[in-house]
Amino acid sequence: MENRLLNIGFGNVVSSHRIIAIIGPDSAPIKRMIQDARENGRLIDATYGRRTRAVVVMDSDHIILSAVQADTVAHRLNSKDTEEHGES
């Protein structure tokens, strides 16, 4: 499997094959998950001080915050998958 990098905003990229979920930050369970990751040193804040619009859950138990909408990040991920399989 080739390692693809996914742009999550402001020049930040993550390894796409390590992503478990891309979710919105508004629900209470997600806010608790973010707080728990912050307390345990597993939170990566890639928002550059802007509002969190997407939460990326990684297979390493790290949580990444992005200022790009979850739909946009997911679309970028799907676009990479489509290109990888030779579809357009």
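Predicted model: local features only at pLDDT ≥ 70, side-chain atom pairs only at ≥ 80, totals over all residues.
## A bridge between two strands

Ala 54 has Ser 66 as its bridge partner in β6.

The bridge belongs to the pairing of β5, residues 54–58, with β6, residues 63–66. These two strands run antiparallel to each other and are joined over four bridges. In general, the strands of a sheet are paired by hydrogen bonds of the backbone, in either a parallel or an antiparallel arrangement.

## The sheet and its helix

Strands β5 and β6 take part in an open sheet of four strands, ordered β3-β5-β6-β4. The pairing within this sheet is mixed. Its edges are formed by β3 (19–23) and β4 (43–46), each of which pairs on one side only. From one strand to the next, the twist averages 20°.

Helix α1, made up of residues 28–39, lies across β3, β4, β5 and β6. The direction of helix α1 is at about 115° to that of β6.

## Ser 66 in strand β6

Ser 66, the partner of Ala 54, is located in strand β6. Ser 66 counts as buried because its relative accessibility is 0%, and the limit for a buried residue is under 20%.

A polar atom of the Ser 66 side chain lies 3.1 Å from the backbone nitrogen of Val 68. Apart from neighbours within four places in sequence, Ser 66 is in contact with Ile 8, Thr 47, Arg 51, Thr 52, Arg 53, Ala 54 and Val 73.

When residues up to four places away in sequence are not counted, Ala 46 touches Ile 8, Phe 10, Asn 12, Ile 64 and Leu 65.

## Ser 16 in a loop

Ser 16 is placed in the loop that connects β2 (12–15) with β3. This residue has a relative accessible area of 14% and is therefore buried. Beyond its neighbours within four places in sequence, Ser 16 is in contact with Arg 4, Leu 6 and Leu 77.

Note on methods. Residues numbered from 1 in each chain as written. Heavy atoms only, no water. Pairing = 2+ DSSP bridges. Axes fitted to C-alpha atoms, helices over the stretch in contact; angles between N-to-C directions. Contact = heavy atoms within 4.5 Å. Buried < 20%, exposed > 50% of the residue type's maximum accessible area, 1.4 Å probe, protein only. Polar contact = N/O pair within 3.5 Å; in protein donor to acceptor, adjacent residues only side chain to side chain.
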